[in-house]
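We'll start with a sheet and the helices on it, then turn to a pocket.

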Amino acid sequence: MVAAPGENMRVNADRLWATLMDMAKIGPGIAGGNNRQTLTDEDGEGRKLFKTWCEDAGLTVGVDKMGTMFATRPGTDPEALPVYVGSHLDTQPTGGKYDGVLGVLGALEVVRTMNDLGIKTKHPIVVTNWTNEEGARFAPAMLASGVFAGVHTLEYAYDRKDPDGKTFGDELKRIGWLGDEEVGARKMHAYFEYHIEQGPILEAEEKTIGVVTHCQGLWWLEFTLTGREAHTGSTPMNMRVNAGLAMARIMEMVQTVAMENQPGAVGGVGQVFFSPNSRNVLPGKVVFTVDIRSPDKDKLDRMRARIEAEAPGITEPLGVGCSIEAIGHFAPVTFDPTLVTAVRTAAEKLGYSHMNIISGAGHDACWAAKVAPATMVMCPCVGGLSHNEAEDISKEWASAGCDVLFHAVVETAVIME
């Protein structure tokens, strides 16, 4: 007989918060956040702690050839496909304590609460830690879930290099988290991901829960500009081949393109490498990545085409060489209506204020949605700030979103009486 969990069933807010704070001790940043980039020693240490917590909760941990961790709580039906719940433990170089981590440890708290309440489900529950969601060290982002969904090959992923030339495959072996499971062999009944909003909308609208209906699409365009190194003081202005100037004008062009495609479009540059990066030498080479996003696929593709078409008109008059490579992409995602409804219903039942929201950031749920029904739950973050050590949430926000996740997950997994 099937029964829905009552409104009085809530997660343990203090335990969830303590778990978040304990994980934050691994790979501390310099300003209160975290630097636990993927496949670093700190990532390995965080994974080890997470595995211990999972095993203490009675879960069986498996690892695939991308290093993604799957911690399984059995269901009552051995033939039933699992409900997967998770996110990522890796961070930006100057990341916060909650981006991604809340989704993994929130999923663990769902299982811990089920254990506390003696809840059994028909479908197994699998708590998931995806490898290299951030893409900060190895581009592109959401790499492991992309391989899982068949978007990337395993060989492509293993060959990704960090700024120091180290490959993903070698670093995965080095930290000891190369698993033996074939990537993508697992089948999902459904996938849930809990995340901070990473934007200001929920807080501004005074809503506790974001019911995520869609996710923006993205293009990452890596520009390589080739100029000529020269002394900044003794080279006449009309004799310079200034790759830095070309970069600045392209950045301004990207701003214009994004503004002229409002509403529902963003664009900017977050990563730049100058060479030789000396204060009195004009750069001979500049590499930077343009990040453009929109929930409208046609608009997103038009923005890319315009940026690529207009760039030569900027660089050629300056004598600067220009090459462009698309190093990251995913199309806009529409999440599964049934799971979206489950999240909304849970928020209403629990009495939490909520609203529909489109995710401005990419998440592993975007790739999971290619292989199974998927959706997301969001909670506010202070000032909408993320990818920053000052990223902050409240214990109340964290537990409210986890309450909603708990109810949506256990009802989807079919609670057994």
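**The sheet and its helices**

Strand E8 (residues 217–226) pairs with E13 in the antiparallel sense, over 9 bridges. Strands here are DSSP runs of at least two residues, helices are H or I runs of at least four, and both are numbered from the N terminus; two strands pair if DSSP finds at least two bridges between them. Across that pairing, Glu222 stands opposite Glu325 in E13.

This is a predicted model, where local features need pLDDT of at least 70 and side-chain atom pairs count only at pLDDT 80 or more, while totals for chains, interfaces and linings use all residues. Residues are numbered from 1 along each chain as its sequence is written, and side-chain values use heavy atoms, leaving out hydrogens and water.

Zoom out and you have an open sheet of 4 strands, antiparallel, in the order E10-E12-E8-E13. Strands E10 (266–275) and E13 (321–330) are at the edges with a single partner strand each, so one side of each has no neighbour in the sheet.

Helix H8 (residues 243–259) packs on the sheet, touching E8, E10 and strand E12 (285–294); contact means heavy atoms within 4.5 Å. Helix H9 (residues 297–315) also packs on the sheet, touching E8, E10, E12 and E13.

Now for the second largest pocket: its lining has 5 nonpolar, 4 polar and 1 charged residues, with Ala, Val, Leu, Ile, Met, Phe, Trp, Tyr, Cys and Pro counted as nonpolar, Asp, Glu, Lys and Arg as charged, and the others, Gly among them, as polar.

How values were computed: Axes fitted to C-alpha atoms, helices over the stretch in contact; angles between N-to-C directions.
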